[in-house]
Each structure stands twice: as structure tokens, then as C-alpha cells.
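Open the model in your viewer and keep the selection panel at hand. The tour goes residue by residue, then steps back to the whole chain.

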Amino acid sequence: MKRLIPIVFLLCTPVLADEQQRIEQSRHLAMELQQQLSSELMSAMKAQGPVHAIAVCNERAPEIAKGLSSNHNAVVGRTALRVRNPNNAPMGEHKAVMDYFQARLAKDPNTVPEVLFTASNGEQHYMRAIPMQPQCAACHGSNIKPEVSHAIAQKYPYDKATGFEVGDLRGSFLIRWIAE
């Protein structure tokens, strides 16, 4: 049986004030990661194209996440069912949430699902779906140019993050709050 109990529990019960505050903090961190990374990627794409954007993503995404993490007593990052970076592979509970996100996006592509749950280790984890956007297709889509594929293979030899269509679940922002 999949471990969706925390998700169902969250969706079916009133959210307490401290949980709502944690959701807001988490949402802010996820959006900050998205905005900073998107800004740098779009600048790289405009300046030198998608090949350069791959290098920016490879180097800057971990730096941005680390900076946000160190300032908030949390671990800020991303995960996916099909990862580009093996270090971002989902743990069991995260995979179950991603399966849930995939089903929700298939039913309602206009709503971006998010959840907050307490993991088996006692930490609170927030996840927010990352639907595939048109601007991401150059590096994550199903029709990638050969020079882009080559650059991906150079930076990410174990890449599984291609073949997406706009609206697919590309991944999830993941905020892990360190248990106190």
C-alpha cells in the first residue's frame, strides 16, 4: 500500500495555524528557488542558448538551493520521478507524493498540487509539483536538438529527464524542515 495517508490526512482535515505557517514558509522557499533559477536559466538561454543553460542549471541550481537552505533551517531542493541528476532521486515517501501529483495533474492540469506531511523520520516535508512548461522543452522535451543532447550527456551521463510534454509532471520542489 502506498504511503498516501499523510497526504489524505492533510487534504481532509483542517489545517492548524502552525501548519499553515509552515506551508506559507515552504511555498515561499519553493517559489524563491523557482524564480532565481528561472531567471538565471532564461538569461542564459537568451545570451547563449540552451547548451549554455544546461551548464548554468548544473552549477547554479545546487548553489541557489544551498543558499536558501542555509538561511532557513531547511533543505531546499527538487526531486522527480525521472531525474537528470541522480542526487535528486526521490525517497519512498516522495515518490508516493509524486505519483499523487501525476494523477492530480492528469485530472486537473490547471491546479498545481502541493502537500505538507510529516515523514517517517519526524521531519516536515513540503512538496509542490513542477508542471512542464513550454520554455523547458528545449532541454526536457521530446524533440531536443543534437547539440543540446550532447551537452546534457556531458553534464548528466545518467539523465532520464527528457521526453516530457507541456503539462506533464516534470518534478517537484522539496522543502525538508529539519526536526528540532
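Select Ala-89. Leaving out residues up to four places away in sequence, Ala-89 touches Thr-79 and Val-83; contact here means heavy atoms within 4.5 Å. Ala-89 sits in the loop between S1 and helix H4 (92-107). Helices (H or I, at least four residues) and strands (E, at least two) are DSSP runs, numbered from the N terminus. Ala-89 counts as partly exposed because its relative accessible area is 44%. The scale is this: buried is under 20% relative accessible area, exposed is over 50%, and partly exposed lies in between (1.4 Å probe, protein chains only).

A word on what you are viewing. This is a predicted model, in which local features need pLDDT of at least 70, side-chain atom pairs count only at pLDDT 80 or more, and totals for chains, interfaces and linings use all residues. Residues are numbered from 1 along each chain as its sequence is written, and side-chain values use heavy atoms, with hydrogens and water left out.

Next, select Gly-77. Gly-77 belongs to strand S1. Is Gly-77 buried or exposed? Its relative accessibility is 16%, so Gly-77 counts as buried. Show its surroundings: beyond four places in sequence, Gly-77 touches Leu-33, Ala-65, Ser-172, Phe-173 and Leu-174. Gly-77 and Ile-152 are 75 residues apart along the chain, and their C-alpha atoms are separated by 20 Å.

Step back to Asn-73. Asn-73 lies in the loop between helix H3 (50-70) and strand S1 (74-79). Check its backbone: phi is positive, about 55°, although Asn-73 is not a glycine. Most residues other than glycine have a negative phi. With a relative accessible area of 44%, Asn-73 is partly exposed.

Move to Gln-25, in helix H2 (residues 17-48). Gln-25 is partly exposed, at 32% relative accessibility. Draw a line from Gln-25 to His-72. They are 47 residues apart in sequence, yet 9.2 Å apart in space, C-alpha to C-alpha.

Now select Tyr-126, in strand S3 (residues 124-131). Its relative accessible area is 1%, so Tyr-126 is buried. Which residues is Tyr-126 in contact with, neighbours within four places left aside? Work through them in groups:

- Ile-23, Ser-26, Arg-27 and Ala-30 are among them.
- Glu-114, Val-115 and Leu-116 are also in contact with Tyr-126.
- Phe-173, Leu-174 and Ile-175 complete the list.

Phe-173 and Leu-174 also touch Gly-77.

Clear the selection and colour by secondary structure. The chain has six helices and four strands. From the N terminus on, the elements run α-α-α-β-α-β-β-α-α-β. The chain is as compact as a globular protein of its length, because its radius of gyration of 16 Å is close to the 16 Å that the globule rule gives for 180 residues. That radius is taken over C-alpha atoms, and the rule is 2.2 Å times the number of residues to the power 0.38. Along the principal axes, the C-alpha atoms fill a box of roughly 50 × 35 × 25 Å. Of the 180 residues, 39% count as buried. Among contacts with a separation of 6 or more, 69% come from residues 24 or more positions apart.

Last stop: colour by pLDDT, the predictor's confidence in each residue, from 0 to 100. The chain averages 89, and 91% of the residues score at least 70. Select residues 1-10. There pLDDT stays under 50, and the model has 14 contacts beyond four places in sequence for this stretch.
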